[in-house]
Amino acid sequence: MSLVKKEVLSQFAQDTIEGLGSHPKTISSKYFYDTEGDKIFQQIMAMPEYYLTRSEFEIFEHQGKEIATTMTKGSENFNLIEFGAGDGYKTKLLLQQLLNTGVGFTYYPVDISKNILQELEKELKAEFPQLEVSPLNLDYFEALKTLSKLNTNKNITLFLGSNIGNFHDHEARQFLDQFKHQCRPGDRLLLGVDLKKDPRIITLAYDDPHGITAAFNLNLLKRMNRELGAHFQLDNFSHHTFYEPISGEVFSYLVSLKEQNVSFDTLDLPISFEAYEMIHTEISKKYSIRELDVMASDLGFAVQKHFTDTNHYFVDSLWEIKA
Ligand SMILES: C[S@@+](CC[C@H](N)C(=O)[O-])C[C@H]1O[C@@H](n2cnc3c(N)ncnc32)[C@H](O)[C@@H]1O
């Protein structure tokens, strides 16, 4: 698009111009997480319908000790990297168990949200004064490049909360393949994944009756208003999701409720929307244990153990890079 007024644009502005200029319109879910989005996500995690957080919390609460021991087996000092760490609500259970093992490590939480990383660092300093923390305010793919440069210690990586589900299957495979090439044989990965289950349970988690997931999605428009000088009228858009149980993907959209033009102070021309045109904002993919086993094997990882919650809603799957 040759609509740009200002010469130096942030990555968010560039991606927005590209995403809203394409068909179908799209914006990456990584842009959900500004200070406002971080707060709304914490409300989502506390909702009764958002079983993901509760399930993974239960796994760490009851099996955290075994996970920590298996993860660090045979390791001396190691780097603990976490992709998309967020507020660390569940990770703190694991950190305690890892500290209990007595093996030395530095924790590298990676997150695109500077705000949440600052909050996390502050809380960790207070709760675990002995823990060495080195936050990385980077996108996953930028963070991948730093992995091999950290030091010669073993890398143990956490990718929790079903963050991997924000990739389509082929993208998840590409990401894990790149990850593998930045690590060494014997390095381990704990992958927290939402499992396929009754579609009604999944649907409610992404379209709750309180309107919290809707507010989370609509915050993208507010963020464009705040940061890019956009003039979205929130009442003219609504939140829509659906779960496709064969692929296991939840699709989230913002729906333009009428034909409209939205101007941006950073662009010369407005972005036009047809009535009921969608902006695709997120996918949240669910897997079966069998699909995870196949993916691990295809990509050259050995599955060490699947840790599931009592409902079998969620799995934390421990993988090791094969020699
Ligand atoms: C769904 S939250 C989950 C947080 C935490 N892992 C949990 O399980 O509670 C996703 C987190 O990943 C971060 N994130 C999303 N996309 C990212 C990306 N492409 N690169 C780095 N961080 C990202 C967000 O800022 C957010 O804190």
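**Salt bridges and a helix contact**

Lys92, Glu123 and Glu127 are linked in a network of salt bridges (a side-chain nitrogen of Lys or Arg within 4 Å of a carboxyl oxygen of Asp or Glu). The model is predicted, with local features needing pLDDT of at least 70 and side-chain atom pairs counting only at pLDDT 80 or more, while totals for chains, interfaces and linings use all residues. Residues are numbered from 1 along each chain as its sequence is written, and side-chain values use heavy atoms, leaving out hydrogens and water. Searching the whole structure finds 16 salt bridges.

**Salt bridges**

- Glutamate 127 pairs with lysine 92 in a salt bridge, with the closest N and O atoms 3.2 Å apart.
- This pair links helix H5, which holds glutamate 127, to helix H4, which holds lysine 92, 35 residues apart (helices are DSSP runs of H or I, at least four residues, and strands runs of E, at least two, numbered from the N terminus).
- Glutamate 127 is partly exposed at 44% relative accessible area, whereas lysine 92 is buried at 14% (buried is under 20%, exposed over 50%, partly exposed in between, with a 1.4 Å probe and protein chains only).
- Lysine 90 forms a salt bridge with glutamate 56, the closest N and O atoms being 2.5 Å apart.
- Lysine 90 lies in the loop between strand S2 (78-83) and helix H4 (91-100) and glutamate 56 in helix H3 (residues 51-72), so the pair ties together parts 34 residues apart in sequence.
- Lysine 90 is buried, at 10%, and glutamate 56 is buried, at 0%.

- The contact (heavy atoms within 4.5 Å) between H2 and H5 is made by Thr35, Asp38 and Gln42 of H2 and Asn115, Ile116 and Glu119 of H5.
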